Amino acid sequence: MKPQIQIIQLSISDTLVLKGIAIIMLLCHHCLCTGEGYEDIFLFGKPCFQHVGKFCKLCVAIFVFLSGYGLTAQARAKDGVPNVLKFYKRRYFKLMTNFWIIWLLFVPIGVFVFNRTFPEVYGEHYIIRAFIDLTGLCTSSSYNATWWFYGCIILLYALFPLIWKARSYWFLLLPASIVLSFAVKGIPLANLLGDYLFIFTCGCIYANSKISLGGGKMTAIIILIVFCLYRFVARIPLLWDAAIVVALVYAYNQVSVPSYISRPMAFLGKHSFNIFLFHTFIYSYYFHSLIYWHRNPMVIVATLTIACILISICIEQIKKLIRFDLLIKKII
């Protein structure tokens, strides 16, 4: 019997599940990658949890891939990007309004409660640097170190209309994105594209493709495992992340994920944007000793995850009180 052919496609619920997986990986990466604050397990002389933490940087690639996928899927539903300026305005303010709410909730606490003042964080010209930070384009010395991602995603969004127009020439678009990734290395701000432009382009092409894949569960799982193992020895692991993310989505489409896993992951996916924005304040700047109260790495990650979920739920309630959705529509 021939293996069943399935068209590559992601629904909104699928993307939420993948975002949930990515946000767990993000918390693991930041809690474990340094190897400090917990008792690791050593295998063949190598710290296992620290290597897991480093590997979990793959989460950034997942978020970037899904961003490219989501933009392309929406563009296809709306017959393209007819008004580029309107697209930029809508996307920028949709990104930044949530950012500004998190900023207003957490930065004053840092300044007045934890003595994390602007001069201490930004150094000289701290007023100018703080303003640049509020635009989302601060790539270094940001009040929150993980906000570097905003500069990256804003640049990728800026390139999307060009990628959309060139979507039919994917066989040229992919190598061009790799060449450009190396070309911008060392250029301030633009160098953020160096690691993730190719992955973003893969997400755009993936959403616009009509490719069908055969195979079964075991094939999908084996491909994913092989790709993940190769990343540990790859010379350019961040570039290899694109292949892993595609393999992950392929495996996700092939394997029937039980509801007791998909539902919690989808729930986390709904809160992933909030958690990305504020989790560094919780585990690093404000409550480090509380999060690392236990030396067990799994307990540390679980503690941070629960704390982030509870805080995000509170933030969503605040948004409802201030009618956040209507505010975004008025701004856009």
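Me: Is Phe 44 buried or exposed?
Reply: Phe 44 is exposed, with a relative accessible area of 80%. On that scale, exposed means over 50%, buried means under 20% and partly exposed is in between, using a 1.4 Å probe on protein chains only.

Me: What am I looking at here, and how are things counted?
Reply: It's a predicted model, where local features need pLDDT of at least 70 and side-chain atom pairs count only at pLDDT 80 or more, while totals for chains, interfaces and linings use all residues. Residues are numbered from 1 along each chain as its sequence is written, and side-chain values use heavy atoms, with hydrogens and water left out.

Me: Back to Phe 44. Where does it sit, and what about its phi?
Reply: Phe 44 is in the loop between strand S2 (42-43) and S3. Its phi is positive, about 55 degrees, although Phe 44 is not a glycine. Most residues other than glycine have a negative phi. As for the labels, helices (H or I, at least four residues) and strands (E, at least two) are DSSP runs numbered from the N terminus.

Me: What's the story with phi of Asn 115?
Reply: Asn 115 also isn't glycine, and its phi is positive, near 55 degrees. You'll find Asn 115 in the loop between H4 and helix H5 (118-122). It is exposed, with a relative accessible area of 54%.

Me: Another Asn then: is Asn 98 buried or exposed?
Reply: Asn 98 is buried, with a relative accessible area of 4%, and it lies in helix H4 (residues 84-112).

Me: What does its side chain make a polar contact with?
Reply: The side chain of Lys 319, at 2.3 Å. A polar contact is a pair of N or O atoms within 3.5 Å; within protein, one must be able to donate a hydrogen and the other to accept it, and residues adjacent in sequence count only if both atoms are side-chain atoms.

Me: OK, Tyr 150. Which residues does it touch?
Reply: Tyr 150 touches Leu 95, Met 96, Phe 99, Gly 136, Phe 273, Phe 276 and Leu 277, leaving out residues up to four places away in sequence. Contact means heavy atoms within 4.5 Å. Tyr 150 sits in helix H7 and is buried at a relative accessible area of 1%. Its side chain reaches the backbone oxygen of Leu 95 at 2.8 Å. The C-alpha atoms of Tyr 150 and Met 96 are separated by 8.9 Å, although these residues are 54 apart along the chain.

Me: Which backbone oxygen lies by the side chain of His 29?
Reply: The one of Gly 53, which lies 2.8 Å from a polar atom of that side chain. His 29 is in helix H1 and is buried, with a relative accessible area of 11%. Its touching residues are Gly 53, Lys 54, Cys 56 and Lys 57, not counting those up to four places away in sequence.

Me: Which residues of helix H2 are buried?
Reply: In helix H2 (residues 48-55) they're Phe 49, Gln 50, Gly 53 and Phe 55. The buried residues of H2 pack against helix H1 (12-32), strand S3 (46-47), helix H3 (58-77), helix H10 (217-231) and helix H15 (297-321).

Me: How many cavities of 30 Å³ or more?
Reply: A search of the whole structure finds two. A cavity is a set of points, on a 1 Å grid over the protein atoms alone, where a 1.4 Å probe fits but cannot get out; lining residues have an atom within 4 Å of a point.

Me: What's the volume of the second largest cavity, and what lines it?
Reply: Its volume is about 40 Å³, that is, the space filled by probe spheres set on the points, with grid points joined across faces, edges and corners. The second largest cavity is lined by Thr 72, Phe 160, Ile 163, Trp 164, Arg 167, Leu 173, Cys 204 and Ile 205. Helix H7 (148-165) and helix H9 (193-208) are the elements that give two or more residues to that lining, and H7 gives the most, with three.

Me: How does that lining divide by residue type?
Reply: Six nonpolar, one polar and one charged. Nonpolar covers Ala, Val, Leu, Ile, Met, Phe, Trp, Tyr, Cys and Pro, charged covers Asp, Glu, Lys and Arg, and the others, Gly among them, are polar.

Technical notes
1 Å grid on protein atoms, 1.4 Å probe; cavity = no way out; pocket = protein on both sides within 12 Å on 5 of 7 lines; lining within 4 Å.
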